[in-house]
Amino acid sequence: MTVSTFVQESRRGELATLIIDNALGRAEIALFGAHVLSFTPHHDNRQRLWLSPHADLSGKKPIRGGVPLCWPWFSNDHGREQGELPSHGFLRSQIWSLTDTEQKDETTTVTLTPDHTRSDGFDYSADVTLTVTVGRELEVALTTTNTGKEAFTFNAALHTYFNVDNIAETRLEGLTGKYKDKVSNWAEVETPSPYTFSRETDRIHLDKAEQTTLCMNAHQTLIRHYGHDSIVVWNPWGSAASISDMDAFGYKHMLCVETAITQGAVLQPLDSRTLKQIVA
Ligand SMILES: O=P(O)(O)OC[C@H]1O[C@H](O)[C@H](O)[C@@H](O)[C@@H]1O
């Protein structure tokens with residue numbers, strides 16, 4: 001069904017999706033998780049996002065690939081026992097509603113809102129909206145507003161899976177300083193230069209870089225970050241084999257570069273915070 005000239009309702013697996021296709025680019029968003037599944041600007045027709053060929057598209061578990069939304073905690077930092085609450089929070093596993101579409105110059109923006117923002121592990125009043133703007137670039141912005149009477153603390157991430165031609169020949173530019181290394185018991189380690197990949201990588205960079213670049217042999221993908229306190233870099237490498245919705249070789253073609261709040265953002269009543277990532 002047509003929502004507007006540039007926005008169509010569609011389906012992928014068992015999921016309802018929106019396809020946005022305008023003069024500058026094309027993207028598909030699943031309403032399950034307000035999850036951006038793909039983005040291809042028309043000027044080079046190159047898919048920027050990686051979606052696992054084994055992603056579960058039944059709406060029963062979070063989608064592996066694209067842009068998962070983590071909120072109101074990151075990973076398992078919810079303060080309870082690991083596994084007691086869903087990894088990365090509860091926005092990525094609920095059905096969102098399309099509340100607005102806007103056409104401006106040649107770009108299209110859709111606004112989505114989740115069904116609920118209060119759940120086990122987060123007992124506060126908050127409004128959350130996601131806007132996705134499709135043009136020559138993809139802009140994804142997650143805004144949290146405290147609508148209650150007390151302050152709360154939250155974490156969040158735009159957990160984007162980028163397509164890379166070959167991870168072993170990919171370089172990440174733009175990060176400096178130390179990172180916290182999850183695969184070395186959270187040791188603080190100096191960011192390598194050049195930043196290349198040859199093993200499992202799971203790092204929280206506290207560098208608030210505003211721009212990072214994925215450099216591949218034939219292309220570059222530019223990633224701009226806003227409203228974050230850290231950037232997470234993840235590639236499971238050999239452990240991809242034990243992830244049910246990836247295969248043993250899936251790690252070769254993806255890298256997560258995540259615009260994140262991992263240090264706990266405090267939001268006072270009526271205040272808002274927007275976490276935004278722009279992909280070019
Ligand atoms: O499997 P998921 O819950 O989607 O998490 C996938 C990955 O997300 C982040 O990048 C974390 O830093 C990783 O430790 C985690 O494995």
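**Strands and buried threonines**

Visitor: Where is the place of Thr 144, and what makes that stretch a strand?

Guide: Thr 144 has its place in strand S10, residues 138–146, and the name strand is given to a DSSP run of E of at least two residues, numbered from the N terminus. This is a predicted model, in which local features need pLDDT of at least 70 and side-chain atom pairs count only at pLDDT 80 or more, while totals for chains, interfaces and linings use all residues. Residues are numbered from 1 along each chain as its sequence is written, and side-chain values use heavy atoms, with hydrogens and water left out.

Visitor: Why is Thr 144 called buried?

Guide: The relative accessibility of Thr 144 is 1%, and buried means under 20% relative accessible area (exposed is over 50%, partly exposed in between, with a 1.4 Å probe and protein chains only), so Thr 144 counts as buried.

Visitor: Which residues is Thr 144 in contact with, leaving aside its neighbours within four places in sequence?

Guide: With those neighbours left aside, Thr 144 is in contact (heavy atoms within 4.5 Å) with Trp 71, Asp 127, Val 128, Phe 152, Phe 154, Leu 267, Asp 271, Ser 272 and Arg 273. Of these, Asp 271 is 127 residues from Thr 144 in sequence, yet their C-alpha atoms are 8.3 Å apart in space.

Visitor: Thr 212 lies in strand S17; why does Thr 212 count as buried?

Guide: Thr 212, in S17 (residues 211–215), has a relative accessibility of 0% and therefore counts as buried. The side chain of Thr 212 also makes a polar contact of 2.8 Å with the side chain of His 225. Leaving aside the neighbours within four places in sequence, the contacts of Thr 212 include Leu 172, Ile 231 and Val 257. Of the five residues of S17, four are buried, and the strand is mostly covered.

Visitor: How do you know that S17 pairs with strand S18?

Guide: Two strands pair if DSSP finds at least two bridges between them; S17 and S18 (residues 220–226) run antiparallel and are joined by five bridges, so they pair. Thr 212 stands opposite Ile 223 in S18, and a hairpin of four residues connects S17 to S18. Strand S13 (residues 171–173) is also antiparallel to S17, with three bridges, and Arg 171 has Cys 215 in S17 as its bridge partner.

Visitor: Why is strand S3 described as largely enclosed by the rest of the structure?

Guide: S3 covers residues 15–21, and five of its seven residues are buried, so the strand is largely enclosed.

Visitor: Which strands are joined to S3 by bridges?

Guide: Strand S2 (residues 7–12) runs antiparallel to S3 with six bridges, and Glu 9 stands opposite Leu 18. Two residues lie between S2 and S3 in their hairpin, where Gly 13 takes a positive phi near 55°. S3 also pairs with strand S4 (residues 25–30) in the antiparallel sense over five bridges; Asp 21 faces Arg 26 there, and the hairpin from S3 to S4 passes through three residues.

Conventions:
Polar contact = N/O pair within 3.5 Å; in protein donor to acceptor, adjacent residues only side chain to side chain.
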